[in-house]
Amino acid sequence: MAQSSIEWTEMTWNPTTGCDKLSAGCKHCYAEVMAKRLQAMGIEKYKDGFKIRTHESALHTPYTWKGQRVVFVNSMSDLFHKKVPLEFIQKVFKTMNETQHVYQVLTKRADLLLDYDKQLKWAHNIWMGVSVENSKVMHRIDLLRQTAAKVKFLSCEPLIGPLPNINLEGIDWVIVGGESGRKPRRMDVDWVLDIQQQCEEAGVKFFFKQWGGTNKKKTGRELNGRTYDEMPSIEQLEAVKL
Ligand code: SF4
């Protein structure tokens with residue numbers, strides 16, 4: 001595990017590593033760059049670079065964490081990549097079901113997520129999200145909606161196109177963020193305002209992560225003169241579980 005600088009989580013846990021690019025949001029994949037850097041540094045877990053690998057030894061790590069942590073699962077991979085065996089995904093879910101932490105799982109492979117859904121056990125502490133970077137991949141939301149995940153969210157990051165008329169039924173949380181790095185793609189302020197409005201009207205929690213750009217510290221994360229840091233309430237979910 002590692003502490004994370006990502007604004008909407010506390011730490012990362014990577015029981016699998018590696019991936020393949022799938023859609024436009026993958027163009028400047030941070031995980032790929034990092035995996036290659038860690039491979040060059042001789043880090044054992046990344047000896048195969050960005051190839052999909054499962055890590056049995058990582059399955060036990062969350063049992064050792066004290067308290068309740070908020071954990072982004074697989075910042076360096078996609079758990080629902082077709083090369084990750086269902087049996088291994090079930091082991092990841094076993095760990096998540098048996099520990100008290102809040103797990104944020106995010107995928108672009110919503111089709112395989114739905115295929116496996118009935119063979120997975122969904123506790124309230126497992127939040128399931130899909131990436132929606134532009135309107136071409138909005139079908140992922142419909143696939144997510146059909147799963148039995150108790151908390152469902154969208155990560156619209158990097159947002160590279162407008163997302164009009166999102167069907168937010170059954171969706172608990174939306175994260176929006178612009179691309180950063182050396183050649184970031186443009187995010188229009190109107191796209192962000194529209195999503196924020198849609199969330200407000202639908203009563204869905206909204207988190208604005210960043211404007212991004214080549215200097216994300218400078219562009220910051222204010223929208224409408226304020227920050228938006230809403231998240232599903234962990235306490236509330238605990239109450240539902242009891
Ligand atoms: S799905 Fe995620 S981890 Fe995989 S290539 Fe795309 S951005 Fe990278």
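Modeller: Buried means under 20% relative accessible area, exposed means over 50%, and partly exposed lies in between (1.4 Å probe, protein chains only). The model is predicted, so local features need pLDDT of at least 70 and side-chain atom pairs count only at pLDDT 80 or more, while totals for chains, interfaces and linings use all residues. Residues are numbered from 1 along each chain as its sequence is written, and side-chain values use heavy atoms, with hydrogens and water left out.

The part I will take is strand β9, residues 173–177; strands (E, at least two residues) and helices (H or I, at least four) are DSSP runs, numbered from the N terminus. Five of the five residues in β9 are buried. In a regular strand the side chains alternate between the two faces of the sheet. On one side of β9 are Trp173, Ile175 and Gly177, on the other Val174 and Val176, and both faces are covered.

β9 has a pairing with β8 and another with β10; two strands pair if DSSP finds at least two bridges between them. With β8 (residues 151–156) the pairing is parallel and runs over four bridges. Here Val174 of β9 is the bridge partner of Leu154. With β10 (residues 205–210) the pairing is also parallel, over five bridges, and Gly177 stands opposite Gln210 of β10. From β9 the chain reaches β10 through helix α5 (residues 189–202), in a right-handed β-α-β crossover. Right-handed means that, with the strands pointing away from the viewer, the path from the first strand over the helix to the second runs clockwise.
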